[in-house]
Amino acid sequence: MTTNREDLQKQISAIRWFHRINLGAGLVTPGLDDTPAKLERVRLPVDLRGKSVLDIGAWDGFFSFEAERRGASRVLAVDSFCWSGEGWGSKAGFELARRVLNSKVEDAEMEVLDLTPEKIGTFDVVLFFGVLYHLRHPLLALEKVAAVTKSHLILETKVDLMSLGAPAMAFYVGDELNHDPTNWLAPNIPGLCDMLRAVGFKRVEVVDRPGSWLGRWLRALGRGKSPRRESQRGRVTVHAWK
Ligand SMILES: C[S@@+](CC[C@H](N)C(=O)[O-])C[C@H]1O[C@@H](n2cnc3c(N)ncnc32)[C@H](O)[C@@H]1O
């Protein structure tokens, strides 16, 4: 299907985007999230030539398309909440971007807990960004993710209780975390690493962690949030290998 720039701009404007995707001709989708900043934080391998990649919770598909651009031989994007229309967005962005980018990324509407090697196979590299804290059963979810990971998992998530040295996990009552009732639980960094080892990853490396406690405290104050709670929270990226 050929679309001119003006048509494409109209189609882009009709969608509520999460990702900022460069669709060419100077058009970048107006995503809510700072996708370029996240791309830096997750340390996606520069060269994915010949690798199969699974992107769990893909939403608009930025990271799936980026894996394809970096040479992945097969990319499968899966999502459920947003793609089914129950969530904060829809599948329209993914479909539009895939068409405009002339991408061969495959898609499956699936829940994390339904992922099995029998249903989708196993993948060299699995991307699991921004999903873990939306799940009511994080350890079970990590078990499912591990089962479809052949070798390398890249996980980006929220962490909490950062002053505790021992493994621990925060449970959010109602919409306590970011006024979003779909946020359930966030481990601290030792807890996250131990959970990954418990589901079969032999090497676990935290490649990106939140800034200093003082920086988090000051940022919370600047945003009018409780520094006592907010200074405990942040986001991390972990790479884990079987
Ligand atoms: C915060 S967004 C993150 C999107 C993308 N991975 C990123 O990091 O930019 C969370 C995504 O996870 C999806 N999601 C939430 N719960 C899910 C579940 N149980 N199974 C599959 N996908 C889920 C949502 O639909 C949404 O697309």
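A polar contact here is a pair of N or O atoms within 3.5 Å; within protein, one must be able to donate a hydrogen and the other to accept it, and residues adjacent in sequence count only if both atoms are side-chain atoms. The structure is a predicted model, so local features need pLDDT of at least 70 and side-chain atom pairs count only at pLDDT 80 or more, while totals for chains, interfaces and linings use all residues. Residues are numbered from 1 along each chain as its sequence is written, and side-chain values use heavy atoms, with hydrogens and water left out.

On to the ligand. A polar side-chain atom of His19 sits 2.6 Å from one of the ligand's oxygen atoms, and a side-chain N or O atom of Asp79 comes to 2.5 Å from a ligand oxygen. Cys82 uses its backbone instead, with a polar atom there 2.8 Å from an oxygen atom of the ligand. On its own the ligand exposes 590 Å², of which the protein buries 95% (Shrake-Rupley areas, 1.4 Å probe). The surrounding shell holds 19 residues, with His19, Lys38, Gly57, Asp79 and Cys82 the closest; to be counted, a residue needs a heavy atom within 4 Å of the ligand. Sorted by class, this shell has 11 nonpolar, five polar and three charged residues (nonpolar: Ala, Val, Leu, Ile, Met, Phe, Trp, Tyr, Cys and Pro; charged: Asp, Glu, Lys and Arg; polar: the others, Gly among them).

Next comes strand β7, residues 149–159, where nine of the 11 residues are buried (buried is under 20% relative accessible area, exposed over 50%, partly exposed in between; 1.4 Å probe, protein chains only). Strands are DSSP E runs of at least two residues and helices H or I runs of at least four, numbered from the N terminus. β7 runs parallel to β6 (residues 123–129), joined by six bridges; pairing takes at least two DSSP bridges. Val126 faces Leu153 of β7 across this pairing. Between β6 and β7 the chain passes through helix α6 (residues 138–147) in a right-handed β-α-β crossover, meaning a clockwise path from the first strand over the helix to the second, with the strands pointing away from the viewer. With β11 (residues 234–241), β7 pairs antiparallel over eight bridges, and Leu155 stands opposite Val238.

Finally, the backbone. Most residues other than glycine have a negative phi. Ala25, in the loop between β1 and β2, has a positive phi near 50° and is exposed at 59% relative accessible area. Arg43 also has a positive phi, about 50°; it lies in the loop between α2 and β3 and is partly exposed at 44%.
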